[in-house]
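These are my notebook entries on a structure with two chains. I set down what I looked up and the terms I needed.

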Amino acid sequence: MAGLTLTKTDAQLWRYRKGNQFVNSSDVCRRFGLITLTACLWFYVTGVLGAGEESVVRNERPLHELIDEHIEAGWKEDNLRPAVLASDAEFLRRVFLDLTGIIPAADIARKFLDDDSPEKRARLIDRLLDSPEYSLHMARVMDVMLNERRIATIRSYNVPSSEWLDFLTSSFAENKPWDQLVLEILSTDGTDPVTGPAARFYLSRDVKPDLLTRDVGRLFLGVDLQCAQCHDDPRYVDYKQADYFGIYAFVSRLSLFHDKDTKQTLLAEKAEGNVTFTSVFTGSKGETNPRLPGGVMIPDPDLEKEQQYKVAPASGVRSVPGYSRRLQLGQQLPRRETAGFSLNIVNRLWAQMLGRGLVEPLDLRHAKNPPSHPELLSLLAQRFESLDYNIKALLRELALTRTYQRSSLLPENATTISPNRFAVAPLRALSPEQLAWSLLQASGRLSVHLKEADQRLKSEDPKYYDILRRTWKWNKEAYDRFGRDVNSVAAVFAVMPGNPEGAFSPTVDQALFLLNSDTLPVALKPDAGTLIDGLVKEQSSDDLAEVMFLSIFSRRPDEKEIAEVRDHLHDVPAEMRVEAIRQLVSGKLMSAEFRLNH
Amino acid sequence: MKRLTACNQSEHVVSRRSILAGTIGALGAGVLGQPLLSEELHARRKRLLILFQSGGASQFETWDPKPGTKTGGPFRAISTSLPGVHIGELLPHTAGIMHRLAVVRSVNTRIADHFLGHYALQSGRRVPGYPVLGSAAARLLEQPGDVLPGYVSLRRDGPKAFTDIGDAGFLGPKYEAVKIINGQPPANLVRPAAISESTESARDAIRRRSDERFLSGRSARSIQAYGNSFDQAAVLMKRRDIFDLNKEPAADRERYGDHDFGRHCLLARRLLESGINCVKVVHHDWDAHEENFHWHQQRCSEFDGTFATLINDFADRGLLEDTLIVVTGEMGRTPRINNRAGRDHWGNAWSMAMAGCGIEQGVVYGKTNEDGTSVVDGEVDLGHLFHTWLTALGLDPTGHYDIGGGENQIGTPAASAIKELLA
């Protein structure tokens, strides 16, 4: 698998390149060493199979065919006519957004549209999954999914966002299996240089047991046990108060420890503290040890008094118990035997690609809220398990389906189709991050910067250029140049911290931001190599229209749209030409076609 | 009265996604062509004004004085326009308008935490995720054709801004408060000088044509909702003077008081009169862990004059009839006076007040014991208050948010409105 080889070299080359700093820093060396080790092990475990060949080798029909069968059988039952397949341009924009988080640059779009090969869609999917941009994007997606933009009450008492994103990006670059990633997130106490940044999951929630219990249930098992905190849930018979407190018991002994000297914030844990609960309805009481929903209680081992603590609690000291319930959570939860563990993640990955889950909302899977396609959901979970939780492989299969590749144009005479039939591509908002990055891409500023960075690397490091250029680390640094701009734009479009991304809900302050903030004027300065600069140099309005549409919408304009551009620029005095072009571009950037993933 | 439990069976968010389905397309495309709201129509609309005493005011120094007891502190109680009823001497002007108010002296929320209190008092729930009063009312009072934001909150900038917590919850960003901080209007209301008027309209025409083409053959809701947000922006830009306090007469500015709270209350009046349905004014710094009595002298003197002016002014202008005014903090303060002459966080026996639309005038509801350490009559929890406020606004708190076939009652099913407080 190409991604893996690169990750290995990633580590070695990075060490070579930043040699002096790194060799002296044992932490960083250890980090890279371990990543390499993990990568190698993973490589060994999964064998030399490319993601796509997996199903062939196992002599099973490809998953994407089975998915389409399930979805299309549903239409037959309902006598439903689906949308046609997406055009190349629709597919191109969508798959770039879903797998890399950014619309394609104009030249890439042109090349793809002009490619006659019948295999070009599958080839593009593979190319994108293998790109460094995939890892950068998945890290952003997972950050938002797992932390929901929460901020620790004391901001500085958290893992710096950059370290957490590095952890996630490297994880996706090596295609770390989902169970392994969850294990690392739930097991860490923040001390390990490699997995320590994963403590951001705990720290963003101030290590509060109620919040952690709820979010472990919601995000890793797909069940929101919040109401079961006070009583068995009468509406969702499968949500029991004992389930809530079973998870609670894994995290109830945790607390936050801020080391004033190193400025690091870590997790402390106690060796005692039992969990009891009382139903507010029936008054019945319970007591529980750690237990996952549907699983068995895990008894604490009997330890001699002196074994109870590795580090005993004291003022200014991080207590470490001899037996950690947190480690148990990390080891016990991410397993196929845990009810909901596989179902939750395949449902979430499905939603990432298809706009909504088979179970919706994503965190309310229970008997009275069944999946739209129960058999398909089980099949996905089963296959994901036999793929050893290979995220890339599952996303690849999803992207290959006809279901993913439907047009957003409704079939003739239809005004609406129930979204849970997956018969037409949904119109969904670009995430705040997708929007911010895509504005940079459309304006041409991203390409200009990446080209410069690329040239610099080529001249500074010609020998290892080819490899370095493909590493997540180099790319992350290159993209981070826009980190601050992206964050400030994304903040305007983000939901309140602690809420999942909801349905598209455009607000007036967002419109005002696009209309009157300096974001678009700055992006559309006619600097060398940017979109406006390129358009100004186009002699014919027809060519200009084509470049503009490829840059913004990843498609070519139709006759009417070309005529509109021609009309708009007709008779414009030379000194007004830049402004007239800017009007066209900014109008298009404010359009629904740009704002939506369709 | 029945004691309440923290969570109850219908407090379940079924679908955050689908809830907007019914409302997002409510604004017609031709919104700009219509007058904002006819005056007559607007006069009949119910409105909400929340005066939030952030940090937690002491009930002893305000609505429920206990002079001469060991918990009562140094201040006297004074008689009010309501025969037989006394309040703290720090509220002399308020004493003169007691006959217009309904005061609850028996609030027991058992919450002694700023963050939870801010959320819980406003949402009527302890479980997170629900919309606060301002957002809920904005959604429920909304009518087709409304273009201005439904909910605006006014506050000072500062580190203790616990107040903007949660807000719209599962109702989504559309019902989040538009935040006016330090009297600054929302960002980006003015077209920058670098963008000419002709550029502005050219851009707009290009955007509209692009959307028309894109709409053809596609499901309309998202595309129209996005277009509507630009229509709303255009209206707000045109009417940005609704945020401009200088447009109010100087005499009113003086009457309302030359401090943040006074200015924010006058701005609230201006916004409510301009067609914003729900406004929250945050009055800061009630969290008096030290020097409680000194602090309350200061805080009450700001609050008292402005509040009495506002109530009388709203009554004179005919606004009071249609505007529910709620005065509350996130909690009260301890009976015990600590060794720094402060009072600490306390949720077990405290007071709040309301007036206006749908509220009985001149009522004091509930009672605490002699030294104010517990409620002895008419105990009231979050849910009761929330039900009462919604009912006063002519809304049905036992109704449901319309979400994907699920049941999600607007007010907690474990509580009901307090009839004695309702007109």
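The entries below go from the chains to the sheet, the helices and the interface.

**Entry 1: Ground rules.** I note that this is a predicted model, in which local features need pLDDT of at least 70, side-chain atom pairs count only at pLDDT 80 or more, and totals for chains, interfaces and linings use all residues. Residues are numbered from 1 along each chain as its sequence is written, and chains are lettered from A and ligands numbered from 1 in the order in which they are written.

**Entry 2: The two chains.** I looked up the secondary structure, where helices (H or I, at least four residues) and strands (E, at least two) are DSSP runs, numbered from the N terminus. Chain A has 30 helices and 8 strands; chain B has 10 helices and 14 strands.

I then looked up burial. A residue is buried if 20 or more other C-beta atoms lie within 10 Å of its own, exposed if 12 or fewer, and partly exposed in between, with C-beta atoms placed from the backbone. Of the 598 residues in chain A, 49% are buried; of the 423 residues of chain B, 55% are.

For contacts, I used the rule that two residues touch if their C-beta atoms, placed from the backbone, lie within 7 Å. Among contacts with a separation of 6 or more, residues 24 or more positions apart account for 70% in chain A and for 75% in chain B.

**Entry 3: The sheet of chain B.** In what order do the 8 strands of the open sheet lie? I read the order as β6-β5-β7-β1-β8-β11-β4-β12 in chain B, with mixed pairing. Two strands pair if DSSP finds at least two bridges between them. The edge strands, each pairing on one side only, are β6 (178–181) and β12 (363–365) of chain B. The twist averages 15° from one strand to the next.

I followed β1(B) in detail. It pairs with β8(B) in the parallel sense over 7 bridges, and B:Leu49 stands opposite B:Ile325 there. With β7(B), β1(B) pairs in the parallel sense over 6 bridges, and B:Phe52 has B:Val282 as its bridge partner. On β7(B) I also found parallel pairing with β5 (residues 151–155) of chain B, over 4 bridges; here B:Val281 is the bridge partner of B:Leu154.

Is β1(B) mostly covered or mostly open? It is mostly covered, as 7 of its 7 residues are buried. In a regular strand the side chains alternate between the two faces of the sheet. In β1(B), I see B:Arg47, B:Leu49, B:Leu51 and B:Gln53 pointing one way and B:Leu48, B:Ile50 and B:Phe52 the other way.

**Entry 4: Helices α8 and α9 of chain B.** Two packed helices are described by the angle between their axes and the distance between the axes. Axes are lines fitted to C-alpha atoms, for helices over the stretch in contact, and angles run from 0 to 180 degrees between N-to-C directions. The axes of α8(B) and helix α9 (residues 292–316) of chain B come within 9 Å and cross at roughly 20°. The two are therefore roughly parallel to each other; angles under 35 degrees count as roughly parallel, over 145 as roughly antiparallel, 65 to 115 as roughly perpendicular and the rest as oblique.

From α8(B), B:Phe261, B:Gly262 and B:Cys265 meet B:Glu302, B:Phe303, B:Thr306 and B:Leu310 of α9(B). By class, this contact has 4 nonpolar, 2 polar and 1 charged residues. For these classes, Ala, Val, Leu, Ile, Met, Phe, Trp, Tyr, Cys and Pro count as nonpolar, Asp, Glu, Lys and Arg as charged, and the others, Gly among them, as polar.

**Entry 5: Where the chains meet.** I found 47 residues of chain A in contact with 49 residues of chain B. On the side of chain A that touches chain B, α24 (508–516), α29 (577–589) and α30 (592–595) each supply at least two residues. Which helix gives the largest share? It is α24(A), with 8 residues. The residues of this side divide into 24 nonpolar, 14 polar and 9 charged.
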